[in-house]
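Colleague: Could you take me through this model feature by feature, giving the general idea before each case?

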Amino acid sequence: MNPEGEPQRRRRGAALEAAILEAVWLELVDKGYGALTFESVARRAGTSRPVLYRRWPTKADLVRAAMLTRFNRDLIDPPDTGNLRDDMVALLHLANEHRVASSALLIYYLGAFFQETGTSPQDFRADLLGDRVSALDVVIDRAVARGEIDPTRLSPRRRTVAIDLLRHDALMTIAPLSDAAVEEIVDDIFLPLVAADRSG
């Protein structure tokens, strides 16, 4: 039976796994990591605890799989408008639209997860990206190749400052930034820090 009391159609394989991981996500949103249990996930997914234990031996394994699935679903393709300013504005708009809620959940609801596993959000990001190059790195490297960015000014901190500011503001307000705020980050902070001097 599902949570509404209706008969649950028997699922297997990928369909069952997807239903379980979606149930984990919804439990995290509703309750946070500390209150999430195998029983509550199984009930929401319309399956049994042994089914979950066979795939994920611990709660941390289960939650990590659900978070990776959710974030992989929302991976952002790097914009390619032909210039750095518009690429960065488009990238921040995409992150603002698709990642704010997930990032807030990661920080506010998963503190106990990181404490229990001895990991951090940065470790999770490394797991998520794997061997992939981030959309931000693609945008910046294209701009360097076009001569829009002076690579001697591109420290690791400056490379990520726009995304860092977006993430900080979103976490402080638990809400997406305004379009004006996104453009302010790019125009008033990021570009002056990295743009190549073309006055000559």
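Colleague: Which residues does Ser-134 touch, not counting residues up to four places away in sequence?

Modeller: First, this is a predicted model, in which local features need pLDDT of at least 70 and side-chain atom pairs count only at pLDDT 80 or more, while totals for chains, interfaces and linings use all residues. Residues are numbered from 1 along each chain as its sequence is written, and side-chain values use heavy atoms, with hydrogens and water left out. Contact means heavy atoms within 4.5 Å, and on that basis Ser-134 touches Arg-125 and Leu-129. Ser-134 is found in the loop between H8 and helix H9 (135-146), where helices are DSSP runs of H or I with at least four residues, numbered from the N terminus.

Colleague: With which residues is Asp-150 in contact, leaving aside its neighbours within four places in sequence?

Modeller: Asp-150 is in contact with Val-194, Ala-195 and Ala-196; Leu-193, 43 residues from Asp-150 in sequence, lies 9.5 Å away in space, C-alpha to C-alpha.

Colleague: How should I read the buried residues of H8?

Modeller: An α-helix has 3.6 residues a turn, so residues three or four places apart point the same way. In H8, Phe-124, Leu-128 and Leu-129 are buried. Seen down the axis of H8, these buried residues fall within an arc of 130° (taken from the directions from the helix axis to the C-beta atoms), so they line one face of the helix. Just after H8, Gly-130 takes a positive phi of about 60°.

Colleague: Which residues have the most contacts inside the largest nonpolar core?

Modeller: A nonpolar core is a set of buried Ala, Val, Leu, Ile, Met, Phe, Trp, Tyr and Cys residues joined through side-chain atoms within 4.5 Å. The largest has 29 residues, and Ile-20, Val-24, Leu-62 and Val-63 have the most contacts inside it. Helices supplying at least two residues each include H1 (13-31), H4 (59-73) and H8 (121-129), and H4 gives the most, with eight residues. A second, separate core of 27 residues includes Met-88, Val-89, Leu-91 and Leu-166.

Note on methods
Buried < 20%, exposed > 50% of the residue type's maximum accessible area, 1.4 Å probe, protein only.
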